[in-house]
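Subject: Structure for your files

Hello,

Here is the structure I said I would pass on. My notes on it follow below the model.

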Amino acid sequence: MTNGSEHRTEAPAERFRFRDPFRWIIENPGTVDLIGFGGASLLILISSLWTGSIGWWTLFTVPMVAAGALCRVRPMLGVILIGALAVLHLLVNIPVVMGDVMTFYAMFCAVAYGKPAVHGLGVAAGLLGVFAQASFWAVDALRSEYGGPLEALISFFGLGLVGTITIVAVWALANLQRARVRQLALTRDRAEQALREREQRTALAVAAERARIAREMHDVVAHSLSVIIAQADGGRFVAAQKPEQAAEVLATIGETGRAALADMRSLLGVLRQEDETSFGPQPGPEMLGDLTDRVVAAGLAVDLQVEGPLEDLPHSLGVSVFRLVQESLTNVLKHAGPGASAAVRIMRGPQQLVIEVLDDGQGTDPASDGQGHGLTGMRERMSVFGGTLQAGPLPSRGYRVRAVVPLTGSLEPMTSRASR
């Protein structure tokens with residue numbers, strides 16, 4: 001089920017990505033530049049051949065335009081290639097070619113997309129190009145028969161000023177683009193971080209729910225099997241001495257087994273997430289009487305006393321109270337020994353709820369290592385509501401489980417409040 005839903009959600013996203021040209025352009029800068037600058041250089045070469053204007057300028061312009069495809073993905077390599085070609089055509093006495101406009105683009109990409117070293121290299125190359133052009137035209141003015149030192153100075157400082165202003169403008173635009181790229185990257189990182197945090201919260205919620213279900217299953221199985229085993233052991237003697245009472249024992253075993261099976265189906269339905277599963281009501285304080293009746297039928301005398309109303313307790317707290325009493329009586333059945341009896345005291349006051357289960361059995365079971373999950377599950381249930389649990393043998397004889405839950409604030413589980 002899960003795999004199928006994943007395919008259904010991802011497939012439209014993949015189709016949409018291919019149908020969205022703007023997104024494709026943003027995500028594939030190298031391919032876009034290769035198509036754009038490669039096509040432009042090929043168009044320049046074909047047009048120069050068609051018009052017969054091919055010359056030295058073509059041999060420099062075509063590779064300079066083609067090198068623009070590297071400027072965004074490989075800014076340093078683009079600056080080096082375009083800068084070298086710009087200097088080279090000056091050395092062969094070709095002052096200006098169409099491809100010189102690519103020097104500004106190379107600098108723009110070096111500042112906007114390059115590392116700090118590439119950033120500095122791009123600015124230095126731009127200033128060097130301005131100086132080289134100004135020097136070339138100044139020397140040309142000195143050599144000209146219509147020129148002189150004044151014309152050379154005017155050419156040098158005039159071209160240098162115009163070139164410097166152009167470099168500063170390109171640098172400012174590139175820095176704006178660099179800030180925009182960083183902002184987009186930061187936004188994307190935040191979105192990914194938010195997605196990861198949401199997935200982590202979901203995973204934690206799933207783990208907490210599975211732990212709760214595991215505690216529920218432990219309570220159901222341990223209690224039900226303890227009652228069934230006690231009834232089966234007693235049923236052998238009853239069948240031998242009073243055969244007419246054996247039917248009652250078997251009926252109790254059947255009722256306990258059916259109740260446990262219903263609880264197990266409900267819990268497994270949560271794990272399977274089946275909509276058609278019929279979930280029975282969760283046990284609460286109103287079912288404590290039925291619980292003690294089943295335990296009494298299993299051979300353990302139980303005295304239940306409730307002081308204060310329990311009907312208005314939150315459902316989650318009511319379930320935890322029922323499970324705590326159930327687990328405590330189950331432990332009495334398993335570990336207290338023969339002839340033991342138990343007492344359940346539930347006292348609700350204005351400030352706290354106290355649940356106490358005592359027995360007069362052997363205290364601790366020598367056959368048990370004390371490493372079971374029952375007490376751990378009960379402590380976790382109480383800690384969810386800010387309560388505490390104490391469990392241990394009594395000084396003389398017997399065992400006591402005592403839980404205290406504060407009722408001063410909200411009775412909602414602490415985990416649900418923390419997740420809001």
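Tyr-105 is partly exposed, because its relative accessible area is 22% (buried means under 20%, exposed over 50% and partly exposed in between, with a 1.4 Å probe and protein chains only). Tyr-105 forms an aromatic pair with Phe-37, tilted, at 5.2 Å centre to centre and 45° between the planes. Phe-37, for its part, is buried at 17% relative accessibility. The pair joins distant parts of the chain, with Phe-37 in helix α3 and Tyr-105 in helix α6, 68 residues apart. Here rings of Phe, Tyr and Trp (its six-membered ring) pair if their centres lie within 6.5 Å; planes under 30 degrees apart count as stacked, over 60 as edge-to-face and the rest as tilted. Helices (H or I, at least four residues) and strands (E, at least two) are DSSP runs, numbered from the N terminus.

Before the rest, the basis of these notes. This is a predicted model, in which local features need pLDDT of at least 70 and side-chain atom pairs count only at pLDDT 80 or more, while totals for chains, interfaces and linings use all residues. Residues are numbered from 1 along each chain as its sequence is written, and side-chain values use heavy atoms, with hydrogens and water left out.

The aromatic pairs number three by this rule. In one of them, Phe-131 and Phe-156 have ring centres 5.9 Å apart and planes at 90°, so this pair is edge-to-face. Phe-131 belongs to helix α7 (residues 116–143) and Phe-156 to helix α8 (residues 149–241), so the pair ties together parts 25 residues apart in sequence. Phe-131 is partly exposed at 48% relative accessible area, and Phe-156 is partly exposed at 25%. Ring pairs also bring in Phe-157, giving a cluster of Phe-131, Phe-156 and Phe-157.

Ser-41 sits in helix α3 (residues 29–51) and is buried, with a relative accessible area of 7%. Not counting residues up to four places away in sequence, Ser-41 is in contact (heavy atoms within 4.5 Å) with Val-62, Val-65 and Ala-66.

Asp-100 lies in the loop between α5 (75–91) and α6 (101–113), and is buried at 14% relative accessibility. A polar atom of the Asp-100 side chain is 3.1 Å from the backbone nitrogen of Val-97. Beyond its neighbours within four places in sequence, Asp-100 touches Met-64, Ala-86, His-89, Pro-95 and Gln-133.

Further along, strands β1 (residues 301–307) and β2 (residues 341–348) pair in the parallel sense over seven bridges (strands pair if DSSP finds at least two bridges between them). Asp-303 stands opposite Ala-343 in β2.

On confidence: the average pLDDT (the predictor's confidence in each residue, from 0 to 100) is 77 for the chain, and 74% of the residues score at least 70. Residues 273–280 have a pLDDT below 50, and this stretch has eight contacts in the model beyond near neighbours in sequence. Residues 414–420 are also below 50, with nine such contacts.

Regards

Definitions and conventions
A polar contact is a pair of N or O atoms within 3.5 Å; within protein, one must be able to donate a hydrogen and the other to accept it, and residues adjacent in sequence count only if both atoms are side-chain atoms.
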